[in-house]
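Please keep the sequence and the model in view while reading.

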Amino acid sequence: MKHFEVNFDGLVGPTHNYAGLSYGNVASQSNAKEASNPKEAAKQGLRKMKALTELGMVQGVLAPQERPDLATLRRLGFSGNDASVLAQAAKQAPAVLAACYSASSMWTANAATVSPSADTQDGRIHFTPANLTNKFHRSLEPEVTGRILRAVFNNDRHFCHHQHLPENDHFGDEGAANHTRLCRAYGEAGVELFVYGRSAFDVSQPAPKRYPARQTLEASQAIARLHGLGDESAVFIQQNPEVIDQGVFHNDVIAVGNQNVLFFHQQAFLNTASALAEVRAKFGEGELHFVEVPTAEVSVQDAVKSYLFNTQILTLPSGEMAIIAPTECRDNPAVSAYLAKLVTLGTPIKGVHFMDVKQSMRNGGGPACLRLRVAMNDAELAAVNPACLINDSQFARLDLWVEKHYRDSLALDDLRDPSLVLETRAALDELTQILKLGSVYPFQR
């Protein structure tokens with residue numbers, strides 16, 4: 001039986017815009033209110049998916065959410081037909097309207113936490129959608145995310161789907177952006193690292209002071225229980241509160257792992273030595289590489305600006321690892337110099353591939369934000385909805401779909417346009433047919 005990791009990238013939705021909704025995300029806030037290019041954003045994402053298939057990887061795609069979320073706007077007191085709801089919201093609560101238009105589901109690292117069958121007690125792959133309670137615009141996602149995941153991974157023999165955690169900040173869960181798995185090989189039992197920002201029930205524990213800690217210890221512990229992970233399979237590590245206050249809103253902005261490599265910044269974690277000792281003890285026999293980037297070589301600010309750690313580390317068919325990095329890493333002198341050095345350090349990482357995802361980067365998400373990782377074997381892959389896997393023909397079909405339906409410019413004032421609702425629904429209705437998802441969207445039900 002073969003084992004590998006599949007990246008399921010989020011397809012950028014037709015309403016991709018820069019509303020600056022994510023407090024604590026420096027890039028999101030610094031580009032607020034500028035015009036976006038949804039068509040280019042979606043095509044950049046598709047080109048990244050296609051590039052990974054050309055590197056020999058198995059690549060999947062996840063559909064975006066329906067936006068605007070008119071049901072939520074009506075729940076908040078805006079009434080009448082769709083055009084009336086938009087007009088009222090634009091006049092009375094433009095920030096709420098922008099939130100209900102957010103295309104943030106493109107960052108599928110926040111869609112869910114995934115535990116592969118090699119780690120779980122029942123031998124199935126477990127999925128728990130993230131509740132994303134810390135940000136209103138993202139808290140609208142989990143129910144439809146769950147439907148989309150069930151439509152892609154629709155086989156109870158191989159896949160187990162859980163409801164998202166209770167919708168309260170005490171169980172704030174941001175999904176795989178705060179979760180990393182280390183293993184000797186994808187088919188072997190591994191160690192799952194759950195990185196949290198604060199303890200919700202013990203306020204005496206350290207916590208950031210400026211920006212919110214979006215992931216709680218209690219949420220991470222609940223996910224581990226739901227997924228049937230034994231104590232030997234899970235390590236709970238606190239993120240350094242000081243780096244959260246510097247704009248490191250998720251762990252995947254300051255650390256990333258793959259198989260036997262953990263690549264992280266010197267300031268990423270609290271109590272780093274004891275945390276890594278626990279990881280090494282639970283990892284067991286075999287070579288384990290801790291690649292720590294010193295502050296003296298790459299500052300936290302440079303790491304955040306370039307998204308050095310919001311990169312993907314892939315194990316290529318050759319067995320060597322490569323980093324998929326945004327072009328911003330190439331353009332940052334300190335980060336570029338470090339990456340040139342990294343491939344000479346004797347770790348499994350032997351190459352770097354730069355990719356243009358600028359539309360996503362400007363809204364605060366790099367290559368790692370755009371993908372949900374699912375380690376699986378060939379029998380599990382055969383149970384995945386095949387229309388959601390990328391090959392040459394499906395790439396071409398989706399590229400034409402984007403060309404047909406997406407605008408090449410979207411300003412915040414455009415969000416009041418009723419025709420955008422009709423355009424978006426027409427696009428998503430066609431997409432569910434291309435990806436064979438069934439009726440996952442509210443307007444289809």
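A search of the whole structure finds ten cavities of 30 Å³ or more. On a 1 Å grid over the protein atoms alone, a cavity is a set of points where a 1.4 Å probe fits but cannot get out; a pocket is an open set with protein on both sides within 12 Å along at least five of seven lines; lining residues have an atom within 4 Å of a point. Grid points are joined across faces, edges and corners, and a volume is the space filled by probe spheres set on the points.

This is a predicted model: local features need pLDDT of at least 70, side-chain atom pairs count only at pLDDT 80 or more, and totals for chains, interfaces and linings use all residues. Residues are numbered from 1 along each chain as its sequence is written, and side-chain values use heavy atoms, with hydrogens and water left out.

| Space | Volume | Lining by class |
|---|---|---|
| Largest pocket | about 620 Å³ | eleven nonpolar, six polar, ten charged |
| Second largest cavity | about 180 Å³ | six nonpolar, three polar, three charged |

Ala, Val, Leu, Ile, Met, Phe, Trp, Tyr, Cys and Pro count as nonpolar, Asp, Glu, Lys and Arg as charged, and the others, Gly among them, as polar.

The largest pocket has 27 lining residues; Asp69, Thr72, Arg75, Leu140 and Glu143 lie nearest its centre. Helices H3 (70-75), H6 (136-139) and H7 (142-152) each supply at least two residues of that lining. Helices (H or I, at least four residues) and strands (E, at least two) are DSSP runs, numbered from the N terminus.

The lining of the second largest cavity includes Glu5, His179, Cys183 and Arg373. Strands S6 (179-182) and S15 (371-377) each give at least two residues to this lining. S6 holds the largest share, three residues.

UniProt, in an unreviewed entry, places the feature "active site" at Glu174, His250 and Cys369. They span 196 residues in sequence, yet no two of their C-alpha atoms are more than 11.4 Å apart, so they gather at one spot. Such annotations may be inferred rather than shown by experiment. Glu174 sits in the loop between strand S5 (159-161) and S6. Glu174 is buried, with a relative accessible area of 3%. Buried means under 20% relative accessible area (1.4 Å probe, protein chains only).

Strand S8 (residues 234-238) is mostly covered, with four of its five residues buried. S8 pairs with strand S7 (residues 191-196) in the parallel sense over five bridges; pairing takes at least two DSSP bridges. Phe194 stands opposite Phe236 in S8.

Methods. Buried means under 20% relative accessible area, exposed over 50%, partly exposed in between (1.4 Å probe, protein chains only).
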